[in-house]
Amino acid sequence: MKRLGIQVYTLREYLNTDESCAETLKKLREMGCHTVQLCGGLEYMERCAKYCKENDLTIIGTLVSLDPFENDPEPLFDFCRRYGLKDIGFSSGIKSHEEALDYIKRVNAFAQVACKEGFTVSYHNHSNEFIRTDCGKTVMDLLIEGFDAEKVNFMPDTYWVQHGGADVRHFLETIRGRAKILHLKDMKRGENGPTFAEVGQGNLWFEAIIPLAEEIGVEDFVIEQDICDGDPLDSVRMSCAWLQEKGLIEV
């Protein structure tokens, strides 16, 4: 079953006060989104979670840095328990062979603890993971090989896979069965190079990407747009409408 959601980073400028947060998340539900993925610090996520609950938006998980919670995960676990979050997502800026090996050990150790507490762990890519290292493999190759396949999933991002020079569909095939969440982010070409676009307004072939993603096990499709040309709410609305018009995601 496909579920359509939003990464709150897209709407970050509207989520800094209780009043604006409540109003924004209500509009999000009216657009047809069912789920939300949180990011940031615990205080910020607490505010968002409160108003997600009031607007019948299911929070599927978080996207945070490993560093603040590596040695003291209980505050994060407590937050996740209180709001029913199941997935804890991490991202990083690692670029080298040595950094990758160290990060793999740290994430695997965290996942060992998190899974015992009933959580799943996912790794979210940008384009730095597609840098080819001195060992002849990309950072992503090392992560795929090194992460505990039973405990660590991937949370691919369509824009950043493409930005890294990889083929989105081929990459999805390489992580078959190891991804439950996919970030839908389109790419358009401007005079200064590639940049972000509303889903369906760029050049990525979502008509093929989304069916394949569902085939390999993805359940949650999360719209994210790092930078919007206009109002981020309008951008989210455009992405939702296009996905629904194409019949790629039913609401």
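Helix α1 passes helix α9 in a right-handed crossing, a crossing being right-handed if the near helix is turned clockwise from the far one by less than a right angle, and left-handed if anticlockwise. The two axes come within 10 Å and cross at roughly 15°. That makes α1 roughly parallel to α9. The contact brings together T24, K27, L28 and M31 of α1 with L233, V236, R237, C240 and Q244 of α9. By class, these residues divide into 5 nonpolar, 2 polar and 2 charged.

This is a predicted model, in which local features need pLDDT of at least 70 and side-chain atom pairs count only at pLDDT 80 or more, while totals for chains, interfaces and linings use all residues. Residues are numbered from 1 along each chain as its sequence is written, and side-chain values use heavy atoms, with hydrogens and water left out.

Helices (H or I, at least four residues) and strands (E, at least two) are DSSP runs, numbered from the N terminus. Axes are lines fitted to C-alpha atoms, for helices over the stretch in contact, and angles run from 0 to 180 degrees between N-to-C directions. Angles under 35 degrees count as roughly parallel, over 145 as roughly antiparallel, 65 to 115 as roughly perpendicular and the rest as oblique. Contact means heavy atoms within 4.5 Å. Ala, Val, Leu, Ile, Met, Phe, Trp, Tyr, Cys and Pro count as nonpolar, Asp, Glu, Lys and Arg as charged, and the others, Gly among them, as polar.

**Helix pairs**

Two packed helices are described by the angle between their axes and the distance between the axes. Here are the pairs side by side.

| Pair | Axis distance | Angle |
|---|---|---|
| α1 and α9 | within 10 Å | roughly 15° |
| α1 and α2 | within 9 Å | roughly 45° |
| α2 and α3 | 11 Å | about 0° |

Helix α1 (residues 18-31) also meets helix α2 (residues 42-54), and these two are therefore oblique to each other. Their crossing is right-handed. On the α1 side you will find D18, C21, A22 and L25, and on the α2 side R47, C48, K50, Y51 and C52. The residues of this contact divide into 6 nonpolar, no polar and 3 charged.

Helix α2 in turn packs with helix α3 (residues 74-83) at an angle of about 0°. That makes α2 roughly parallel to α3. L42, M45, E46, A49 and K50 of α2 make the contact with P75, L76, F79, R82 and Y83 of α3. Its classes are 7 nonpolar, no polar and 3 charged residues.

R29 sits in helix α1. With 27% relative accessibility, R29 counts as partly exposed; buried means under 20% relative accessible area, exposed over 50%, and partly exposed in between (1.4 Å probe, protein chains only). Not counting residues up to four places away in sequence, R29 touches H34, N55, D56 and L57. A polar atom of the R29 side chain lies 3.2 Å from the backbone oxygen of C33.

D56, one of the residues that R29 touches, is placed in the loop between α2 and β3 (58-64). D56 is exposed, with a relative accessible area of 58%. Most residues other than glycine have a negative phi. D56 has a positive phi of about 55° although it is not a glycine.

**Buried helix faces**

In helix α5 (residues 139-146), the buried residues are V139, M140, L142, L143 and I144. Their cover includes α4 (97-116), β5 (120-124), β6 (152-155) and α7 (168-174).

Helix α8 (residues 206-215) has F206, A208, I209, I210, L212 and A213 buried. These pack against α6, α7, β7 (181-184), β8 (186-190), β10 (220-223) and α9 (232-245). After α8 comes G217, with a positive phi near 115°.

**D157**

Where is D157 found? D157 lies in the loop between β6 and α6 (158-163). At 0% relative accessibility, D157 counts as buried. The side chains of D157 and K185 are joined by a polar contact of 2.8 Å, that is, a pair of N or O atoms within 3.5 Å; within protein, one must be able to donate a hydrogen and the other to accept it, and residues adjacent in sequence count only if both atoms are side-chain atoms. The D157 side chain also reaches the backbone nitrogen of Y159 at 3.1 Å. Leaving out residues up to four places away in sequence, D157 touches H124, N125, H183, K185 and E224.
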